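Trainee: I have a model open and want to learn how to read it. Can we take it feature by feature?

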Amino acid sequence: MTEKRKKVVSSTRTLLTPRDMSRKPTSSSQICNICGGSEFLPGPGGRLSATGENPRCASCQNLERHRTLRRVYDKLREALPITNFSCLQISEDRCIEPTWFGSHLTSIYDGSHSLDIQKLPLASRIFDCVICNHVLEHVPNDTAAIGELARVTSHRGFLQIGVPDPIRMQKTD
């Protein structure tokens, strides 16, 4: 890893994982920060969270990754004027509310506003926020997709990408 990339990775970790956002409630007081639910079920394949707790909210079906990302966006909304931001979201994500942004476009594969993220038919630098969670692992040319997502992200904006946990998965679908 290059020195420049190390700095980017470490600064991103610092911004997106402050101590208060990484604290997890105990199982007796666990509350879903998306729907307010308090009952949790095993995750996909019956898995438990890293702390041994049931990770899936019984009410809204969100996993710990959704709740963590919601905490991140709650902090971002306090720090940035995202109500003025234009947002491109690749695939629906339960932790993102379109109403947070000044304008919002969701691309749904084979559905509403379906876009090929390997070759976006959009002008450069037009979105202040580009969100792509758990999509790249399904794209044949993820390098081209990342380049396109970065291309449509404005200079004042940010690109947020989420991928499956590679430590727990040897191969993704």
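Mentor: Start with aspartate 110, which counts as exposed at 68% relative accessibility. Buried means under 20% relative accessible area, exposed over 50%, and partly exposed in between (1.4 Å probe, protein chains only).

Trainee: Before we go on, what kind of model is this?

Mentor: This is a predicted model, where local features need pLDDT of at least 70, side-chain atom pairs count only at pLDDT 80 or more, and totals for chains, interfaces and linings use all residues. Residues are numbered from 1 along each chain as its sequence is written, and side-chain values use heavy atoms, with hydrogens and water left out.

Trainee: Where is aspartate 110 found?

Mentor: In the loop between E4 and strand E5 (127-133). Helices (H or I, at least four residues) and strands (E, at least two) are DSSP runs, numbered from the N terminus. Check the backbone too. Aspartate 110 is not a glycine, and its phi is positive, near 55 degrees.

Trainee: Which phi does serine 91 have?

Mentor: A positive one of about 80 degrees, again in a residue that is not a glycine. Serine 91 is in the loop between strand E3 (86-90) and E4. Its relative accessible area is 28%, so serine 91 is partly exposed.

Trainee: How many helices and strands does the chain have?

Mentor: The chain has 4 helices and 6 strands. From the N terminus, the order is α-α-β-β-α-β-β-β-α-β. Of its 173 residues, 35% count as buried.

Trainee: What does threonine 106 touch?

Mentor: Contact means heavy atoms within 4.5 Å. Not counting residues up to four places away in sequence, threonine 106 touches Gln89, Ser91, Glu92, Ser112 and His113. Threonine 106 lies in strand E4 (residues 103-107). It counts as buried because its relative accessibility is 17%.

Trainee: Is glutamate 39 buried or exposed?

Mentor: Exposed, because its relative accessible area is 52%. Glutamate 39 sits in the loop between helix H2 (19-22) and strand E1 (40-41). Leaving aside neighbours within four places in sequence, glutamate 39 contacts Arg56, Cys57 and Ala58. Its C-alpha is 9.7 Å from that of proline 55, 16 residues apart in sequence.

Trainee: Where is valine 163 found?

Mentor: In the segment after strand E6 (153-162). Its relative accessibility is 49%, so valine 163 counts as partly exposed.
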